[in-house]
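Come along, and I will jot down what I look up as I go.

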Amino acid sequence: MLLGGGVVAALAAAGLLIWPQPVKWSEDAEAASSRLTLEDIPFDGGRAYEYLKTICALGRRPSGSEGMAAQQDLLERHFNTLGGTVHQQWFQIPHPQTAAPVPMMNLIVQWAPERSERILLCCHYDTLPYPMLDKRNPRGEFVGANDGASGVALLMELGNEIGTILERHQRHFGVDFVFFDGEEFIFSEDGRYFLGSEYFSRAYAGGKLPYRGRYRWGVLLDMIGDADLRIPQEGYSVGWPETRPLVNDIWSTARRLGVREFVPRRGPYVRDDHTMLRNLGKIPTCDVIDFDYPPWHTMDDRPDQCSALSLAKVGWVIREWLKAAEGGR
Ligand SMILES: [Zn+2]
């Protein structure tokens, strides 16, 4: 993902790239941290963190790589075992450097596929080919613990509970987990992002998915494992009229649970997979993202920068929101 270019340019032109008013960062940081421990949270962040480490142990996982293939196997086995219905959505993209075809695949896991109204929970599962912002070694190994594995790990853990949730709590909506390929198969900053979500959104809009159903809401999870967690409301998500109620619902769920790391204030505008889902697929999708992450796109984006507690907090909020999600607003 990347910062909204037009917005950044507009802010820079307006001289607004610094905060217009002084912010008391210490108080702000205090306000954004809860005293919750892993024991307080009934979502298994420890197991989610083990999944995160397992995924990172596969090594680099850019589109078309061996690591990606290994991850796809891992996820298919995991979700098949849990009773999900797995679809592979294949497509091809010319390699940005060589033009050779690169096979890509969005992995879709359906729960309660017979329900026609559905909720989309998604993340990207490819990793940046190289850590391009790493000053020491921009051609080194990038394993994307937060930027890649964190969303996948959270959905793997949620998969353990989703059957019960749909049986006992959420009886209206079916749920699809979608893992997007090609989010950042880029070799320079001006590369083409969001290939998987673009392909998926066009297929959905054109009635070409291998299943029926209408998405009422979408939630994108990206960079949610940072040990130093702080999730403001992403700018586009809270700005679009059709996603604002969704943002309000998720952040009020967090408030009810005491997860203060979901900060009810507008954060940066982030261009991410949700822009494709909303603009091309017309799926009201919000981005849950902590974009304040110093190891971003460096070799330091490793499991030790993430935590079980952060995964537990985000997983708990999303699960509780999902249990009670309504379609009418
Ligand atoms: Zn990234």
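**Entry 1: ground rules.** Before listing who meets whom, I note that two residues are in contact if their C-beta atoms, placed from the backbone, lie within 7 Å. I also remind myself that this is a predicted model.

**Entry 2: H8 against H10.** I began with helix H8, residues 244-257, and helix H10, residues 308-324. Which residues of H8 meet H10? On the H8 side I found Asp249, Ile250, Thr253, Ala254 and Leu257. Their partners in H10 are Trp316, Val317, Glu320 and Trp321. By type, the residues of this contact are six nonpolar, one polar and two charged.

Next I looked up the geometry. Two packed helices are described by the angle between their axes and the distance between the axes. For H8 and H10 the angle is about 115°, and the axes are 9 Å apart. Angles of 65 to 115 degrees count as roughly perpendicular, so H8 and H10 are roughly perpendicular to each other. I wrote down their crossing as right-handed.

**Entry 3: H5 against H10.** I then turned to helix H5, residues 145-168. The axes of H5 and H10 come within 10 Å and cross at roughly 40°, and the two helices are therefore oblique to each other. The crossing of H5 and H10 is right-handed.

Here Ser150, Ala153, Leu154, Glu157, Leu158, Glu161 and Ile165 of H5 meet Leu311, Val314, Gly315, Arg319, Leu322 and Lys323 of H10. I sorted the residues of this contact into seven nonpolar, two polar and four charged.

**Entry 4: the core.** How many residues does the largest nonpolar core have? I noted 89, and those with the most contacts inside this core are Leu52, Val152, Ala153, Leu154, Phe179, Val288 and Val317. H10 turns up again here: the largest share of the core, ten residues, comes from this helix.

Leaving out residues up to four places away in sequence, Val288 touches Val219, Leu220, Leu221, Ile224, Ile231 and Val314.

**Entry 5: Trp296.** My last stop was Trp296, in the loop between strand E10 (285-289) and H10. Is Trp296 buried or partly exposed? A residue needs 20 or more other C-beta atoms within 10 Å to be buried; Trp296 has 19, so Trp296 is partly exposed.

Leaving out residues up to four places away in sequence, Trp296 touches Leu133, Asp147 and Asp301. I also checked Asn146: its C-alpha atom is 8.3 Å from that of Trp296, though the two residues are 150 residues apart along the chain.

Notes:
Residues numbered from 1 in each chain as written. Predicted model: local features only at pLDDT ≥ 70, side-chain atom pairs only at ≥ 80, totals over all residues. Core = buried A, V, L, I, M, F, W, Y, C linked by C-beta atoms within 7 Å. Buried ≥ 20, exposed ≤ 12 C-beta atoms within 10 Å, placed from the backbone. Helix = DSSP H or I, 4+ residues; strand = E, 2+ residues; numbered from the N terminus. Axes fitted to C-alpha atoms, helices over the stretch in contact; angles between N-to-C directions. Parallel < 35°, antiparallel > 145°, perpendicular 65-115°, else oblique. Left-handed = near helix turned anticlockwise from the far one by under 90°. Nonpolar A, V, L, I, M, F, W, Y, C, P; charged D, E, K, R; others polar.
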